[in-house]
Amino acid sequence: MEGRRFYYTEKRAVVKEVISLIFTFIGFIFMVALMKWTRRFVQPYEMEQWELLERIMPWIYIGIFILYHISEIISIYLRKRCMRLIIRSNEIVFYQGFFTIRKTTIPVNKIKDCSTVRGPLQQICGTMTLSITTAGDQREICFTDIVDGEEAERLINNFIR
């Protein structure tokens, strides 16, 4: 008994990464300009150390941010592979994880509420966050950056009515 599958999309994460890369580049230019500007305040006997610092700092900055952006790209890939939501007529199954996969099954009769949230960046990317609240223990399961979130919400709300 296979149901409708919904997956995480990386659209919003990619847009955030591009914005982050732009700000990294702007920060690099600002740092180099600031170092050139502060050079005039360096004493002559400190000039040799300052020139060494001027040569090393940009490379340190670039190295740190290359590592940061590589880790972000890897996390985008892993998030895409690690989350899925299956909506069946009698239950909703939420899979999360890469090495250790956590499966959460919610019977339809235990669902209290289903709602969606859309931030400005999610509106641009056409994604949303789907929140399912269960009856009894008031647990909430959030599925972030889902594609076709309106359809998923409509299906779940049809089941709980």
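**Phe 23 and the chain around it**

Modeller: Welcome! Phe 23 sits in helix α1, residues 11-38; helices are DSSP runs of H or I with at least four residues, strands are runs of E with at least two, and both are numbered from the N terminus. This is a predicted model, where local features need pLDDT of at least 70, side-chain atom pairs count only at pLDDT 80 or more, and totals for chains, interfaces and linings use all residues. Residues are numbered from 1 along each chain as its sequence is written, and side-chain values use heavy atoms, without hydrogens and water.

Biologist: Why is Phe 23 called exposed?

Modeller: Exposed means over 50% relative accessible area, buried under 20%, and partly exposed in between, with a 1.4 Å probe and protein chains only. Phe 23 has 57% relative accessibility, so Phe 23 counts as exposed.

Biologist: And how much of the chain is buried?

Modeller: Buried residues are 32% of the 161 residues.

Biologist: What radius of gyration does the chain have, and what would a compact globule have?

Modeller: The rule for a globule is 2.2 Å times the number of residues to the power 0.38, and the radius is taken over C-alpha atoms. For 161 residues a compact globule would come near 15 Å, but the chain has 24 Å. Along the principal axes, the C-alpha atoms fill a box of roughly 80 × 30 × 25 Å.

Biologist: How many helices and strands are there, please?

Modeller: The chain has 4 helices and 7 strands. Read from the N terminus, their order is β-α-α-β-β-β-β-α-β-β-α.
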